[in-house]
Amino acid sequence: MEEMVVEALLFGDRQAQLLAARQLAQFSTKQRHNIAQKGIIPPLILMLSTSDYEAIEAALFALLSIAFRSERLAPCAYFIQAFVWNKILIAKSGAIAVLLDVLQCENRLLVELGVASLLTLSSCASNKLAIAASGAISLLLELLNSQSNNSMSLQANLDILSTLHNLSTCHQVIPSIVSYGGVATSLGLINLAPESVTEKAVALLENLVSSSRIALEEAAGTVGAIQCLVEAMEEGSRQCKEHAVAILLQVCDSCRDRYRGMILREGAMAALLQLSVDGTKRARDNAKRLVLLLRDCSNCSQTTKQPKNIVLLEQTMRQIEQGVGETAGMSVALLEEMISKLRT
């Protein structure tokens, strides 16, 4: 059966190639790997290059079956590495440029399959620079920004953000994401999209501001950005809160005199106190660091009258430091009382 599929893809007519491409997904992990090594990737990419939507769909599913989620499915280290090589081979065979053409076609299903394929390739470190150099970043951001004008699925949005996130783990790629509007796009999705999209967007934003001073300054200077991040810290998922507090910490640390008051005016203190107790370990650590930055007035003007919430925060922190509450920390009752006061 394997040899028949290979022969059909290499030498068959259109109908034979369609049937062979569709059969690939039915093979085992080992069989798919063996078939991929027999020269069938270039014919599949040629199928993508046509204007035949049926052929494009079959080829996309076939390429996904060769590489998609192979790390999870592979039973041993050998196959994990083998399928990573498949991703590299697919990219080296010219798939990236052809996939960009697919992303610009008028068939929504093909666009979404193209995005999924690009996501799969972007999970391989060896492909990231090539994907960035292809012009994919601007196209992916354009797809995200045009969501109000089309009917792309939630999964497609997640795949686009995941692709950008994968690329953002390569420091050389971050300037391109920033220059094409990645910061503004990420901010626009936070708190205005389903929770799963928000989580991906804030994770991408953290990667950008962590590695780019330009991205950090753009995020901090965007009207409504701090409010947006504070709300994500209050209402988002645990991972969303972790990313949001990390971004706010970097913003405040970059220019404390400028951003301290802005963060405080958005009512961040209650969420920070809550996060410092029940967030993830990283979120707790960052929340405590940000509280210290917001609390410490040693570098502030001595003639400036402190807002009421700062005075209350000072009282709260003194009670915590003096050991008010349980031996292991302040009591839940004290925490709830202080958070309630800070929110009023």
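This is a predicted model: local features need pLDDT of at least 70, side-chain atom pairs count only at pLDDT 80 or more; totals for chains, interfaces and linings use all residues.

Biologist: What about the accessible surface of the protein?

Modeller: The accessible surface comes to about 16300 Å², and 53% of that belongs to carbon and sulfur atoms.

Biologist: OK, on to helix packing. At what angle do helix 9 and helix 12 pack?

Modeller: Helix 9 (residues 108-122) packs with helix 12 (residues 154-168) at an angle of about 25 degrees, and their axes are 9 Å apart. Anything under 35 degrees counts as roughly parallel, so helix 9 is roughly parallel to helix 12. Their crossing is left-handed.

Biologist: Which residues make that contact between helix 9 and helix 12?

Modeller: From helix 9 you have E112, V115, A116, L118, L119 and S122, and helix 12 brings A156, D159, I160, S162, T163, N166 and L167. The residues of this contact between helix 9 and helix 12 divide into 7 nonpolar, 4 polar and 2 charged.

Biologist: Switching topic: is helix 14 enclosed or open, and why?

Modeller: Helix 14 is largely enclosed by the rest of the structure, because 6 of its 8 residues are buried. The buried ones in helix 14 are G182, V183, T185, S186, L187 and L189.

Biologist: What covers the buried residues of helix 14?

Modeller: The cover includes helix 11 (136-145), helix 12, helix 13 (174-179), helix 15 (195-211), helix 16 (213-221) and helix 17 (225-235).

Biologist: Let's zoom in on T185. What is T185 in contact with, leaving aside neighbours within four places in sequence?

Modeller: T185 is in contact with L141, L144 and N145. T185 sits in helix 14 (residues 182-189), and its relative accessible area is 7%. The cut-off for buried is under 20%, so T185 counts as buried.

Biologist: What comes after helix 14?

Modeller: N191 follows helix 14, and the phi of N191 is positive, near 70 degrees.

Biologist: Now A246. Is A246 buried or exposed?

Modeller: A246 is buried, with a relative accessible area of 4%. You'll find A246 in helix 18 (residues 238-254).

Biologist: And what does A246 touch, not counting residues up to four places away in sequence?

Modeller: A246 touches E206, R282 and N286. A246 and A287 are also 7.9 Å apart in space, C-alpha to C-alpha, while being 41 residues apart in sequence.

Biologist: How does helix 18 pack with helix 19?

Modeller: Helix 18 and helix 19 (residues 256-265) pack at an angle of about 135 degrees, with axes 6 Å apart, and the two helices are therefore oblique to each other. L248, V251, C252 and S254 in helix 18 meet R256, Y259, R260 and I263 in helix 19. That contact of helix 18 with helix 19 divides into 5 nonpolar, 1 polar and 2 charged residues.

Biologist: Last one: how many residues of helix 20 are buried?

Modeller: Helix 20 (residues 268-278) has 8 of its 11 residues buried, which leaves the helix mostly covered. The buried residues of helix 20 are A268, M269, A270, A271, L272, L273, L275 and S276.

Note on methods:
Residues are numbered from 1 along each chain as its sequence is written. Side-chain values use heavy atoms; hydrogens and water are left out. Axes are lines fitted to C-alpha atoms, for helices over the stretch in contact, and angles run from 0 to 180 degrees between N-to-C directions. Helices (H or I, at least four residues) and strands (E, at least two) are DSSP runs, numbered from the N terminus. Angles under 35 degrees count as roughly parallel, over 145 as roughly antiparallel, 65 to 115 as roughly perpendicular and the rest as oblique. A crossing is left-handed if the near helix is turned anticlockwise from the far one by less than a right angle, and right-handed if clockwise. Contact means heavy atoms within 4.5 Å. Ala, Val, Leu, Ile, Met, Phe, Trp, Tyr, Cys and Pro count as nonpolar, Asp, Glu, Lys and Arg as charged, and the others, Gly among them, as polar. Accessible areas come from the Shrake-Rupley method with a 1.4 Å probe; for residues, only the protein chains shown count as cover. Buried means under 20% relative accessible area, exposed over 50%, partly exposed in between (1.4 Å probe, protein chains only).
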